[in-house]
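Hi everyone, thanks for coming.

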Amino acid sequence: MAKVRLVQGNEACAMGALKAGASFYAGYPITPSTEIAEHMAEMMPACGARFIQMEDEIASAGAIIGASAAGAKAFTATSGPGFSLMQELVGYAAITEIPVVFVDVQRMGPSTGLPTLSSQGDIQQARWGSHGDHSIIAIAPNSVMETYYQTIKAFNLAEKYRTPVIFLLDEEIGHLRERFEVDENEEIEIINREKPTCAPEDYVPFENVAGGVPPMASFGEGYRYHFTGLTHNEKGFYSSALPVVDKFNRRLVDKIEKNVKDIFECEELFVDDCDVLLIAYGSVARSAQEAMNELREAGVKVGLFRPITIWPIDEERIKAACAGKKAVIVPEMNLGQYAREVERIVAGSVPVKKLCRVDSELVIPEEIIDMVKEVLK
Amino acid sequence: MKPIYQEYFRNNLPHIWCAGCGNGIVMSAWARAMDELKLDKNNVIGVSGIGCSSRITGYLDLNTLHTAHGRALPFAQGAKMARPDMDVFVFSGDGDCAAIGGNHFIHACRRNMDMTLIVINNNIYGMTGGQFSPLTPFGKKATTAPYGSVDPSFNLCELAIGAGASFVARGDIYHAKQLTDLIVAGYKHKGFSVIEVIASCPISYGRRNKIPNPADMMQYVKDHTVAKAVAEKMTPEQLEDKYITGILHEAQGREYTEEYAKLCERVQGGDK
């Protein structure tokens with residue numbers, strides 16, 4: 001039986017991580033993510049998992065990647081300034097294809113910004129924060145319960161696709177306390193990295209396999225091989241040969257983008273039966289849903305498309321959801337970081353309206369209602 | 001019997017280093033230490049940062065991680081925490097360890113996790129073509145110090161001792177046998193072992209500082225290193241431009257992964 005409790009988003013993230021099999025955490029204190037570190041420090045020793053507080057966020061990112069190479073399921077949690085510091089190593093995890101999860105509880109930036117107040121300002125940083133072309137997976141839940149389940153999914157996707165996964169909470173969700181009802185013995189699919197079955201001398205750790213994700217041996221399993229942040233050949237050693245470099249860089253992107261149908265998850269409410277479509281994620285999606293409910297009670301046909309997976313984007317699905325609408329409204333706590341993706345995808349076929357707040361306050365339902373009325377005038 | 005290089009190196013030689021570079025001597029000293037210790041290669045992790053010295057991991061037949069500039073130690077500590085039963089060697093250089101990785105170095109010393117760090121100090125950033133590092137002696141020339149460096153250098157071993165490393169030693173590329181012995185002793189010591197190696201870069205350091213010939217550079221290393229026992233009988237003036245070699249510090253300290261394991265036992269036993 002599931003016990004009903006009042007739980008905070010950050011705590012749900014910590015519990016989800018343990019359920020997913022997280023065996024290593026490294027982090028550095030930063031508001032509003034610190035509760036995750038505190039929960040891990042408290043819970044990990046009891047199950048023999050390892051916790052370490054590092055000297056900064058760069059060290060935290062390095063430690064989780066090193067631990068994952070040695071076979072651990074590893075993650076860290078931070079917020080904007082720390083996430084900025086980690087970016088080089090997000091790229092390192094991407095190029096070496098070492099699975100790790102970065103939790104970023106977003107706060108108002110840029111720089112130190114507003115440390116305890118909310119934002120969704122890291123949407124584009126999650127995608128493009130590290131240099132070079134690689135793809136990434138990012139997830140943004142909108143409730144405490146969903147935080148738990150999507151944290152598990154973040155680990156699953158990291159392991160399945162051998163990639164860093166960015167888990168984008170916003171401060172509102174991270175610090176939100178609400179009803180939490182999870183059966184600890186619930187059967188949930190847990191995905192672990194695929195291991196090589198061949199003899200060590202036949203192992204090609206970065207092979208261009210069909211599907212794009214080669215099996216991964218951990219340190220100590222008899223497959224002695226090399227990880228490097230240098231562009232490498234299928235064996236893992238530095239290569240500057242043009243066809244090798246080209247093929248490698250394209251595989252890093254394709255292994256995510258070509259599996260978008262498997263990765264992408266969203267919630268659609270009245271999408272087929274609406275004149276105005278709201279596209280919102282994270283905490284703002286709660287306001288959007290409230291606005292939609294109120295408007296529909298008044299007979300206004302409004303729908304909600306809520307991406308749970310922020311990256312990669314299922315562009316076909318967004319295009320289909322937006323087709324034929326009088327307008328699409330994208331409320332978010334930034335100056336249009338997701339709206340620009342929607343604009344790019346619909347390419348002028350539907351008017352896209354931005355509803356942006358960057359004063360650290362949540363976009364409220366009334367503002368969304370006003371804009372819906374405005375576009376229907 | 002196979003030659004040592006066949007046993008411990010991958011078959012991807014020749015290496016990338018310039019003629020006269022000291023890195024190969026350090027790499028072979030490490031291999032001789034491995035041969036003496038008879039470690040199971042499957043159970044050894046090699047980690048390095050970025051720079052000439054850090055390319056070593058590409059050649060070693062181990063589980064290897066060639067990481068980002070300055071970050072070898074965080075990666076190594078994460079790996080060691082995940083697999084405390086595995087042996088970890090970390091390779092770094094003076095720029096990688098003492099500049100960009102300086103903070104990680106201090107905290108790795110403090111935690112005293114059981115691993116062996118080998119810092120190859122050639123007094124210069126070689127990979128990028130000869131800029132001064134925090135270990136370039138005052139007044140020496142570099143591409144970013146064309147008139148001589150006004151940056152003071154510092155003593156990495158003293159920093160390591162101050163920060164809590166429980167084994168600190170210095171070797172050099174001229175005394176290769178001593179270097180092998182130091183690596184063996186560093187490995188055998190339980191805790192964080194730091195071995196600084198005074199090395200040579202005739203191309204990027206020597207040419208600008210009037211020692212362009214590799215043999216002269218080697219002579220320079222020989223002339224500027226003094227064994228600890230000898231140094232104890234010398235005056236501070238005589239030691240001014242000398243590097244003291246040998247085991248400089250050895251102490252018993254709490255080893256981090258053991259302490260963490262004890263903590264887990266305590267928590268699991270219900271004692272908080």
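Okay, let's begin with burial in chain B: of its 272 residues, 56% are buried. Keep in mind that this is a predicted model.

What is chain B built from? You'll find 11 helices and 10 strands in there. If you draw a box around the C-alpha atoms of chain B along the principal axes, you get roughly 65 × 45 × 35 Å. Now, for 272 residues, a compact globule would have a radius of gyration near 19 Å, and chain B comes in at 18 Å, so the two agree.

Next, contacts. Take the contacts in chain B with a separation of 6 or more: 68% of them are between residues 24 or more positions apart.

Chain B exposes about 11,300 Å², with carbon and sulfur atoms supplying 54% of that. As for charge, chain B carries 28 positive and 27 negative side chains, and the centres of those two sets are 3 Å apart.

Let's hop over to chain A for one residue, Glu97(A). Where does Glu97(A) lie? Look in the loop that links helix H4 (80-96) to strand S5 (100-108) of chain A. And is Glu97(A) buried or exposed? Its relative accessibility is 0%, and buried means under 20%, so Glu97(A) counts as buried.

So who's around it? Setting aside neighbours within four places in sequence, Glu97(A) is in contact with Arg162(A), Phe206(A), Gly212(A), Pro214(A), Met216(A), Phe248(A), Arg251(A), Leu252(A) and Lys255(A).

That's my tour, over to you.

Technical notes: Residues numbered from 1 in each chain as written. Chains lettered and ligands numbered in written order. Predicted model: local features only at pLDDT ≥ 70, side-chain atom pairs only at ≥ 80, totals over all residues. Heavy atoms only, no water. Helix = DSSP H or I, 4+ residues; strand = E, 2+ residues; numbered from the N terminus. Rg over C-alpha atoms; globule rule 2.2 N^0.38 Å. Buried < 20%, exposed > 50% of the residue type's maximum accessible area, 1.4 Å probe, protein only. Contact = heavy atoms within 4.5 Å. Areas by Shrake-Rupley, 256 points an atom, 1.4 Å probe, with all protein chains shown as cover. Lys, Arg positive; Asp, Glu negative; His and termini not counted. Charge placed at Lys NZ, Arg CZ, Asp CG, Glu CD.
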